[in-house]
Amino acid sequence: MTTPEDTSDDRPSGSSAGRPDDSSEEPTYETTDKGHTPAEKDLHARVRRKEVGQSSAEPAIGSSPHGPDRDLGVREDMPENTVVPAGASSLEVVAVREGMFGVQGSGDTSGYGRLRRPVVMPGATPRPYGGWFDEFADRLELVLADQGVSGAIERVVVHRGEMTVHLRREHLLTTMQQLRDDPHLRFEMFSGISGVHYPEDTGRELHAVYHLLSMTHNRRIRLEVSVPDADPHLPSVMSVYPTADWHERETYDFFGMIFDGHPALTRIMMPDDWPGHPQRKDYPLGGIPVEYKGATIPPPDTRRSYR
């Protein structure tokens, strides 16, 4: 047997309990601005005003291809679509990629042909950088000035809590020497070199990224040097960090950057007579045709344009 207490509805007020199915009352939207970015606050305000979703002929950069933006409330300045790091004063847009698989023209059958995404690099970060970054930057500028070096640093980028110092190649060796030897810097460990190829970054197509660790101060930084495709030369740092030997050979092997002053700059992975540099974006994918009963699959280079 049930009592009146057993049949009471303990659900909070405002629920749909007890409402008729044909109720015409419109739902309410509860939003809060606490802890949200300006873009999110703006979106919440538009939700409250029922203004979400304004159609456009073309999708915005970073938008979804699965339906009109009005269905999702997608905005180009929403956090997930924002490619400008916080505090950046500029943004370098190298190119804009369209689609998912690099197909051009009418050959896209993937359904992702409307995707548009810029190839960007974070712009220079203004002072203050925060944390120990300002102390490091001040000290580096001071020791370079003591060596009579000016204009070595193109820009400093602080992104995702990490610092990258962009250098001009003619000052790379002097900067490395000071980073290793100065007691306030003491980047004793050279971790490696990463090569990157941006074919659309005219005059700066090849990037060499150096990773350094200070065991004395427990700090990590990156140095980045850009060189043009037509003149891919930059100084070897083996005289400062001998462990750069194999790293420079690998970067030369895969990207074609030439490290002047290296005692034996030869290929390390590919055969000596191998044509080209396999990790450049303009390197052909190659492949062989694969035959099976009733059909043949051609090599990747001949069936669609991948990036």
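**Figure 1. Contacts across the whole protein chain.** Taking contacts between residues at least 6 apart in sequence, 53% join residues at least 24 apart. The model shown here, and in each view that follows, is a predicted one. Its protein chain holds six helices and 11 strands. Of the 307 residues, 32% count as buried. The accessible surface comes to about 18,800 Å², and carbon and sulfur atoms account for 51% of that area.

**Figure 2. The largest nonpolar core, with 39 residues.** Met176 and Tyr210 are the residues with the most contacts inside this core. Two or more core residues come from each of several elements, among them helices H3 (133–146), H4 (172–181) and H5 (244–255). Strands contribute as well, including E3 (153–159), E4 (162–167), E5 (189–197), E6 (206–214) and E7 (219–227). Helix H3 gives the largest share, six residues. As background to this view, nonpolar side chains tend to be buried together in soluble globular proteins.

**Figure 3. Helix H3 and its cover.** Do look along the length of H3 here: its 14 residues reach 20 Å from the first C-alpha to the last, close to the 20 Å expected at 1.5 Å a residue. Buried in this helix are Phe133, Asp134, Phe136, Ala137, Leu140, Val143 and Leu144. Their cover includes strands E3, E4 and E7 together with helix H4. After the helix comes Gly148, with a positive phi near 75 degrees.

Figure 4. Pro128 sits in the loop between strand E2 (116–122) and H3.

Figure 5. Just after H5, Gly256 takes a positive phi of about 85 degrees.

**Figure 6. Asp253 and Asp272, two aspartates from separate places in the sequence.**

**Figure 7. Two non-glycine residues with positive phi.** Arg186 has a phi of about 50 degrees and lies in the loop between H4 and E5. At 31% relative accessibility, Arg186 is partly exposed. Asn218 has a phi of about 55 degrees and is found in the loop between E6 and E7. Asn218 is exposed, with a relative accessible area of 67%.

Figure 8. Val290, Tyr292 and Ile297 together make a patch of about 280 Å². Tyr292 has its place in strand E10 (residues 290–292). With a relative accessible area of 47%, Tyr292 is partly exposed, because that value falls between the 20% and 50% cut-offs.

Key
Residues numbered from 1 in each chain as written. Predicted model: local features only at pLDDT ≥ 70, side-chain atom pairs only at ≥ 80, totals over all residues. Heavy atoms only, no water. Patch = residues over 30% accessible without salt bridge, like charges linked within 9 Å, V, L, I, M, F, W, Y side chains within 5 Å. Areas by Shrake-Rupley, 256 points an atom, 1.4 Å probe, with all protein chains shown as cover. Salt bridge = Lys/Arg side-chain N within 4 Å of Asp/Glu carboxyl O. Helix = DSSP H or I, 4+ residues; strand = E, 2+ residues; numbered from the N terminus. Buried < 20%, exposed > 50% of the residue type's maximum accessible area, 1.4 Å probe, protein only. Core = buried A, V, L, I, M, F, W, Y, C linked by side-chain atoms within 4.5 Å. Expected span 1.5 Å × (residues − 1). Contact = heavy atoms within 4.5 Å.
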